[in-house]
Amino acid sequence: MQVTAFSTSIRPEWRWRICDYAGAMVEESYNNFPTIAAAVAQGSARLDELDRERVKEVGRSMAARSYWTNTRLRGR
């Protein structure tokens, strides 16, 4: 995923947007930032949070799956 900063002529302040590599928007900021750098920095911090949450979810699913596999094989 990647973070981009954008502004529009109607709303000249900068905001960040996180998109996946297919171009689908994952999340967008509601806050405005005075500079591109500030928007990208905040968006990157949010992307790191999303990555940490995803790692936790994968860890939980892997742990549950390996337990099931080991239990099933134990009876053979």
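Student: Is phenylalanine 33 buried or exposed?

Tutor: Start with the general idea: a residue is buried under 20% relative accessible area, exposed over 50%, and partly exposed in between, using a 1.4 Å probe and protein chains only. Phenylalanine 33 has a relative accessible area of 13%, so it is buried. Keep in mind that this is a predicted model, where local features need pLDDT of at least 70, side-chain atom pairs count only at pLDDT 80 or more, and totals for chains, interfaces and linings use all residues. Residues are numbered from 1 along each chain as its sequence is written, and side-chain values use heavy atoms, with hydrogens and water left out.

Student: Where is phenylalanine 33 placed, and which residues is it in contact with?

Tutor: Helices (H or I, at least four residues) and strands (E, at least two) are DSSP runs, numbered from the N terminus. Phenylalanine 33 sits in the loop between E3 and helix H1 (36-74). Contact means heavy atoms within 4.5 Å. Leaving aside neighbours within four places in sequence, phenylalanine 33 has contacts with Glu13, Trp14, Arg15, Trp16, Ala38, Ala39 and Gln42.

Student: What is the order of the elements along the protein?

Tutor: From the N terminus on, they run β-β-β-α, which comes to 1 helix and 3 strands.

Student: How do the strands pair in the sheet?

Tutor: Two strands pair if DSSP finds at least two bridges between them. Here the 3 strands form an open sheet in the order E1-E2-E3, with antiparallel pairing. Strand E1 (2-6) and E3 are the edge strands, each pairing on one side only.

Student: How many bridges join E1 to E2, and how many join E2 to E3?

Tutor: There are 5 bridges between E1 and E2, and 3 between strand E2 (residues 15-19) and strand E3 (residues 25-28). Glutamine 2 stands opposite cysteine 19 in E2. Threonine 4 has arginine 17 as its bridge partner in E2, while arginine 17 has glutamate 28 as its bridge partner in E3. The hairpin of E2 and E3 has 5 residues between the strands, and glycine 23 takes a positive phi near 95° there.

Student: Why is E2 described as largely enclosed?

Tutor: Because 4 of its 5 residues are buried, E2 is largely enclosed by the rest of the structure. Across the protein, buried residues make up 17% of the 76 residues.

Student: Where does arginine 11 lie, and what does it touch?

Tutor: Arginine 11 is in the loop between E1 and E2. Not counting residues up to four places away in sequence, arginine 11 touches Tyr30 and Asn32. The C-alpha atoms of arginine 11 and asparagine 32 are separated by 9.0 Å, although the residues are 21 apart along the chain. With 33% relative accessibility, arginine 11 counts as partly exposed.

Student: Which residue lies over the face of phenylalanine 6?

Tutor: A charge sits over a ring if NZ of Lys or CZ of Arg is within 6 Å of the ring centre and within 35 degrees of the ring normal. In this model, arginine 17 lies over the face of phenylalanine 6, at 4.2 Å from the ring centre.
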